[in-house]
Structure formats: C-alpha cells, structure tokens
Amino acid sequence: MQKLQRDDPIMSPMPPVVPVPIPIPPVIQYPQSSTCMLLKNMFDPASEEAKEPTFEHDLREDVMEEVTKFGSVRHVCVEKLGPGFVYLKFTSLDGAERAFRALNGRWFGGKMIAVEFVPEPLYNAKFPMAR
C-alpha cells in the first residue's frame, strides 16, 4: 500500500464552507383596518359635472348603491370642495374590509380609486354626527 501524502490534492482539507445569506423578502405593511375609510380620486372637483347642483347628491347615491353590497353604511360624505374625496363609515369592520378589497384600485368615472382606512377617532373628530 502506498502511504498517503499530506500534500495530496485529493486528501487536502476542504476550505471552510461560508454560508450564503438567503435574502428575506420585505414585510408588506397593510393598513390598519377600521370601519372608516376614505375613497380618493373619485371625481375631479374642477370638472363641469362637479359644478352641477345635484352632483353631490347623485355621487352619494352612486357610492351608497355600490358600497351597501359589502355591508351596512352608517355615514357617507362627499367632500365637494376637496380633491375628489368621499368618506365612508361602515357599521362593521367586516363590511369595511370587504369594501376596501373590492374598491381599492377599481376604476370609477375614468379614474382609479385609491382607498385608505381612517382611524375611527379621527373620522369622528371630522364628522361628529357620524358617531
């Protein structure tokens, strides 16, 4: 038998294994759910349509018709003088979450709706009659 040599490349010690870090995907932060929400980009306040006397009432009816599919609504406010905002308050968290999933990113009147939950204390401060 042959003697094993220390400098034999086959028998030389293996270099240490360096662990390769596995990238961890970023954590996606979802908004804190609430019974209150803000629908952004619902209309252009500078449009001729928004200047019509029945615009606010008509838009409120359209919104109510759609959102009551998800749950009972306690309060709706069309902010006619603002940047196209509509505020909603549902009676249940489940209804608000279902509306959020259905409406966020949806198109309405040629505009993509962006939905945000609003903390209930802030909503109640803005609309005291909605309590």
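Start by selecting asparagine 124: this residue is buried, with a relative accessible area of 12%. Here, buried means under 20% relative accessible area, exposed means over 50%, and partly exposed is in between, all with a 1.4 Å probe and protein chains only. Asparagine 124 sits in helix H3, residues 120-126. Helices (H or I, at least four residues) and strands (E, at least two) are DSSP runs, numbered from the N terminus.

What does asparagine 124 touch? Leaving aside neighbours within four places in sequence, show Lys89, Ala130 and Arg131, which are in contact with asparagine 124. Contact means heavy atoms within 4.5 Å.

Before you go on, know that you're looking at a predicted model, where local features need pLDDT of at least 70, side-chain atom pairs count only at pLDDT 80 or more, and totals for chains, interfaces and linings use all residues. Residues are numbered from 1 along each chain as its sequence is written, and side-chain values use heavy atoms, with hydrogens and water left out.

**Zoom out**

Switch to a cartoon view of the chain. You can look for three helices and six strands, which follow the pattern β-α-β-β-α-β-β-β-α along the sequence. Of the 131 residues in the chain, 31% are buried. Now think about contacts with a separation of 6 or more: 66% of them are between residues 24 or more positions apart.

Next, select threonine 35, in the segment before strand S1 (36-40). Is threonine 35 buried or exposed? It's buried, because its relative accessible area is 13%. Not counting residues up to four places away in sequence, threonine 35 touches Leu88, Lys89, Phe90, Ser92, Leu93, Ala96 and Glu120. Keep Lys89 highlighted for a moment: asparagine 124 is in contact with Lys89, and threonine 35 touches Lys89 as well.

**Two loop stops**

Click on asparagine 41, in the loop between S1 and H1. Asparagine 41 has a positive phi of about 65 degrees, although it isn't a glycine. With a relative accessible area of 31%, asparagine 41 is partly exposed.

Then hop to proline 83, in the loop between strand S2 (73-79) and strand S3 (85-90). Draw a C-alpha to C-alpha distance from proline 83 to aspartate 44: they're 39 residues apart in sequence and 6.9 Å apart in space. Leaving aside neighbours within four places in sequence, proline 83 is in contact with Phe43 and Pro45.

**Follow the charges**

Side chains of opposite charge can pair when their charged atoms come close. A salt bridge is a side-chain nitrogen of Lys or Arg within 4 Å of a carboxyl oxygen of Asp or Glu, and the structure holds seven salt bridges.

On one side, the side chains of lysine 69 and glutamate 66 meet at 3.0 Å, N to O. On the other, glutamate 66 forms a salt bridge with arginine 106, with the closest N and O atoms 2.8 Å apart. Arginine 106 counts as partly exposed, at 34% relative accessibility.

Stay with lysine 69, in the loop between H1 and S2. Lysine 69 counts as exposed because its relative accessibility is 53%. Lysine 69 and arginine 98 are 29 residues apart in sequence and 9.2 Å apart in space, C-alpha to C-alpha.

For another salt bridge, pick lysine 126 and glutamate 79, whose side chains meet at 3.2 Å, N to O. This pair also links distant parts of the chain: lysine 126 is in helix H3 and glutamate 79 is in strand S2, 47 residues apart. Lysine 126 is partly exposed at 44%, and glutamate 79 is partly exposed at 21%.

**Last stop**

Finish with glutamate 61, in helix H1 (residues 55-67). Glutamate 61 is partly exposed, with a relative accessible area of 45%.
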